[in-house]
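Morning, everyone. Please look at the model on the screen before I start.

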Amino acid sequence: MWNFVSPRIVFGEGALDALDELQGKRALVVTDVNMVRIGLVDKVRAHLKKAGIEVNVFDQVEPDPSVQTVLQGAEMARHVQPDWIVGLGGGSPMDTAKAIWVLYERPDIEPAAIGPVGELGLRKKARLITIPTTSGTGAEVTWGIVLTDTTEKRKMGLGHPENIADIAIVDPEMAIGMPPRLTADTGLDALVHAVEGYTCSWHTDLTDGLCLHATRLVFKYLPRAVSNDRDTEARERMHNAATCAGLGFGNAMASMAHAMGHSLGGAFHVPHGRAVALFLPYTIEFFSRQAPERFAELAASAGFANTGGEQAAREFAHHIRDLCRQIGNPTSVSEAGIGRKDYEGQLDKLVDDALNDTQMVTAVRAPSREETRKLFLYAYEGRSVDF
Ligand SMILES: [Zn+2]
């Protein structure tokens with residue numbers, strides 16, 4: 001038995017107007033200080049006020065949000081007693097909003113214990129709205145929550161299908177001001193979601209189409225969105241691509257590039273999309289023998305000649321590296337600015353964390369410890385995988 005979960009999705013130009021018709025008394029907007037600074041919180045506040053809703057703001061979400069931040073936000077929720085929680089921003093504020101909501105409804109649960117088993121019994125006090133301001137994480141439509149254990153410097157994959165948003169508002173205008181680097185990093189995250197959602201062992205007929213289409217959209221529109229921030233068509237199509245990919249992988253799983261990317265991000269604070277995209281081509285080369293046709297189908301969907309077989313999968317890995325280069329992203333760990341000594345000093349931990357990551361469970365096949373270690377080393381130097 002399989003489930004496909006999704007919020008109601010309001011998308012396209014003017015989607016934010018959906019807030020005007022909400023029924024409720026109080027909202028808690030979970031966001032970061034940057035969203036306040038660039039005026040997006042005020043924009044959301046104006047719409048909620050039209051609906052007669054009192055607005056409270058928790059703006060303390062940091063990149064790679066910690067358990068402590070979630071506890072602080074939950075404390076504020078208990079004080080404010082909102083009937084709507086609004087996650088506004090990139091993946092970090094949206095994931096934090098999900099966790100705060102769970103803790104507000106279920107004060108008996110610890111953040112690190114938010115797992116997919118059993119019933120949570122949410123929606124007794126509040127419901128959740130997600131509003132992405134980047135185009136990539138897909139967190140607006142997924143139930144996964146990534147939090148960082150700051151003591152262990154480790155990312156934790158948490159979440160329960162019940163903590164999926166009730167409404168996702170995918171309005172391209174909210175992403176219009178993204179700087180090129182953020183556009184590139186987050187857009188690549190959407191590509192990795194699409195590729196890993198399509199090739200992980202939990203992919204289904206209901207997720208495949210979304211992943212294929214998202215792959216096509218990213219190859220076509222991401223370079224345009226990065227090079228010209230006024231290209232509104234590219235912005236809108238990337239915003240949609242991120243949501244398609246989110247639905248695709250969110251109802252399947254991700255795979256080894258996410259496991260390695262989480263591991264690197266936990267140790268060295270490399271932005272999520274940059275980290276997972278960097279590892280993706282190495283993992284494709286690594287899996288090219290086991291699942292060549294799945295990768296070849298993705299390549300064909302993105303408009304590349306389908307030569308078939310293992311070679312097609314390896315060519316697809318090169319096309320992804322080309323895309324990264326075209327938009328100024330690193331294709332190796334050294335290019336990402338991490339010193340060899342620091343990296344080698346952390347190598348055992350990187351391997352352990354990747355092997356323990358929840359996304360590794362659905363990889364095309366389970367890699368050995370030695371293979372994982374080798375992949376981290378090849379990815380450092382930018383060598384194509386030949387083992
Ligand atoms: Zn991701």
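This is a predicted model: local features need pLDDT of at least 70, side-chain atom pairs count only at pLDDT 80 or more; totals for chains, interfaces and linings use all residues.

Residues are numbered from 1 along each chain as its sequence is written, and side-chain values use heavy atoms, with hydrogens and water left out.

The helix pair is α9, residues 272-287, and α13, residues 369-381. Helices here are DSSP runs of H or I of at least four residues, strands are runs of E of at least two, and both are numbered from the N terminus. The axes of α9 and α13 come within 10 Å and cross at roughly 130°. Axes are lines fitted to C-alpha atoms, for helices over the stretch in contact, and angles run from 0 to 180 degrees between N-to-C directions. α9 and α13 are therefore oblique to each other; under 35 degrees counts as roughly parallel, over 145 as roughly antiparallel, 65 to 115 as roughly perpendicular, and the rest as oblique. From α9 the contact (heavy atoms within 4.5 Å) uses Leu 278, Phe 279, Tyr 282 and Phe 286. From α13 it uses Glu 371, Leu 375, Phe 376, Tyr 378 and Ala 379. By class that is 8 nonpolar, no polar and 1 charged residues. Ala, Val, Leu, Ile, Met, Phe, Trp, Tyr, Cys and Pro count as nonpolar, Asp, Glu, Lys and Arg as charged, and the others, Gly among them, as polar.

Now the cavities. On a 1 Å grid over the protein atoms alone, a cavity is a set of points where a 1.4 Å probe fits but cannot get out; a pocket is an open set with protein on both sides within 12 Å along at least five of seven lines, and lining residues have an atom within 4 Å of a point. Points are joined across faces, edges and corners, and a volume is the space filled by probe spheres set on them.

How many cavities of 30 Å³ or more are there? The count is 2. The largest cavity has a volume of about 50 Å³. α9 gives the most to its lining, with 4 residues. The second largest cavity is about 30 Å³, and helix α11, residues 309-326, supplies the largest share of its lining, 4 residues.

Last, the second largest pocket, with about 170 Å³ of space. Of its 13 lining residues, Arg 154, Lys 155, Asp 353, Asn 356 and Asp 357 lie nearest the centre. The lining has 2 nonpolar, 6 polar and 5 charged residues.
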